[in-house]
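Let's take a walk through this model, starting from a single residue and working out to the parts that are packed away from solvent. Keep the structure open while you read.

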Amino acid sequence: MEILSNILYYVIPFIVLLGILVFVHEFGHFIVARMLGVKVVAFSIGFGKELWSHTDKKGTCWKISAVPLGGYCQFLGDADASSSTASKSLSKLSKKEKAMAFPLQKTWKKLAIVVAGPLFNYLLAVLIFIGIFFAYGKMIHPSVVGGVIDGSAAAEAGIMAGDEILSINGKPTPDFQTLSNEVMLSESDEADVEVKRPVSVSMQTEQITYCECGEEKTGQMIGVRSIPSDRNEETGELAPVPVIIDEVFPNSPAERAGIVKGDVLESINGVELTYFDELKKYVEEHSGENLDIKGRRMLNLKVVLKDTDYNDEIGGKSKRRMLGVSSTPELAFSEKLSFIEAVKAGFEETYNITAMTLRGVWQMITGQRGGQDVGGIIRIAEMSGDVSKTGGIIGFIYFMALLSVNLGLINLFPIPVLDGGNIVIFLIEMVIGRDLKENVKDYIFKFGLLIILAIMLLATWNDILHLASRWFY
C-alpha cells in the first residue's frame, strides 16, 4: 500500500508537472518557428526510447519518450536537439528545404524562436497566478508565529508564539513565505529581526503617590506615565500624545501586570485608544473596576541563524538553516480581486519570484552562500509530491507556476546549451554582422555541456543528502 501511495503522490504528480512545463516550453519554440516558416522535425516530451509517435502533415514527428526528464524541439538543419550547431548535411538540402532550415534563417528569427521557450514558461506562470487570484484571491498567511522550535535561533533570541515578525534585516515580511525567503537568502547568520508582540493584561487601579513637576500627588491609577508632549510653538499649547508608555511606576498594577516602557496601549475594555488622555480619563472614571488592556510591544532582536532539526509537512525529519518558527495554522485567501487587480498581482508575483531567485543565484556566485540549496530532478519530484499531499489542487497548480518561472529563468542564463547561451551567440552575431564559425560554436557547446553536467552532479548530490537526512535521520 505504501508503494501505491508513493506512486500516487510522488511519481504521477511529478510526471504531470514536468510534462506540462516541458510541453509549454517547447511549444513556445514550436509555434514561433512555425509562424516564421521554420520546419520542426521533431517535438518530443522526454528523452530516450520512443513510447509513442505521430508525424503530422507538415512533417513534424510528435513523440513521447521513455525518460520523462525534459524534452526538445528539433528544427530542420540542426545537428542536435539544442540547436547549438548546424548539421554537416546542410549543403545537401534542396532550395525549398534550405528556406525552412533553422541555421540558415536570419539571426533575428533564430533569436525570436529561442526566446519563445522561456517566454511561454513565464506566460504560463502569469496566467496561473491571474486565474488563482481572480477566482480565489491572494493566499494570505501572515507572519505571525504559531510555535517556536526548542533550541532554535528564535527560541534563544526570545521570540514567542503570537509574535508578528515585521521585518528581517530591514526587509518587510508581510507574510510567512516572505519571512522564510528572507531567512533563506540572509547573507549572514546574524539577522536583525523586528517583532511586534501583542500585549494583553488585566488590572485594577490602586492608590498611588507620585511626583509631578516637583509636586507630590496621590490618585487612583494603574501606574504609567506617557512620553513627553511637544509644545506648539505658535500657540504654546501641549500637543496630545499617543498611548506610548515612557515610565512604569515601581510596584504598580501596571508593573505587576507586565507593562514595560515602550509598550503601545491600543484599547481598554474594548474601547480604542488614540491619545494618552483618553486612557487617563477612562481609568479615572472606572476606578475599582477590572481593566482589560490590549496593546503591542515593538522589539528589535539580534538573532543568530543556525541549522535546526524539524519535522517536515509529512512527518519526515529534516535539517536546515532557519529561524526556528512555525506559522499559525490559519491559511486563507484574501477577497477576490477584480480582473485588473488580478492581472497586476499576477505580474507582481512573477516578478517577485524572479527577483528572489536571481538574488539567491548571485549570492552563490559571489560566495555569500554555499551551493547546498541547488536542487535537481529528485528535489522537484519530492516537492511536487509533498505539495500534492498537503496543498491540494490549488497548491499544486501554484507550485507549477512557481516552477515554470524558475524553468523560464534558468533557461535564460547565458550558459551554452541553454536557450540563454544561444541568445548570447545570436546577439554577438547580430553585432558582428556574420555567423560564428561552426567549430567555435562546437567548442562553446562542449564548454556549456560541462557546466550543465557539473550543476547536475551538484544538484543530484544535494538531493541524495537531503533524502538521506529525511529518511534515516
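Start at Asn406, which sits in helix 10 (residues 392-411); helices (H or I, at least four residues) and strands (E, at least two) are DSSP runs, numbered from the N terminus. This is a predicted model, where local features need pLDDT of at least 70 and side-chain atom pairs count only at pLDDT 80 or more, while totals for chains, interfaces and linings use all residues. Residues are numbered from 1 along each chain as its sequence is written, and side-chain values use heavy atoms, with hydrogens and water left out.

Is Asn406 buried or exposed? With a relative accessible area of 15%, Asn406 is buried (buried means under 20%, exposed over 50%, partly exposed in between, using a 1.4 Å probe and protein chains only). Leaving aside residues up to four places away in sequence, Asn406 touches Ile353 and Thr357, contact being heavy atoms within 4.5 Å.

Now for the largest nonpolar core, which has 29 residues; Leu17, Phe129 and Phe133 touch the most other members. Such a core is a set of buried Ala, Val, Leu, Ile, Met, Phe, Trp, Tyr and Cys residues joined through side-chain atoms within 4.5 Å. Helix 1 (2-35), helix 3 (107-135), helix 8 (339-365) and helix 10 each supply at least two of its residues. There's also a second, separate core of 20 residues, with Val224, Val243, Ile259 and Ile293 among them.

Last stop: helix 7 (residues 276-285), where Phe276, Leu279, Tyr282 and Val283 are buried. Looking down the axis, those buried residues fall within an arc of 130 degrees, so they line one face of helix 7 (the arc is taken from the directions from the helix axis to the C-beta atoms). The face turned away from that buried side carries the exposed residues Asp277, Lys281, Glu284 and Glu285.
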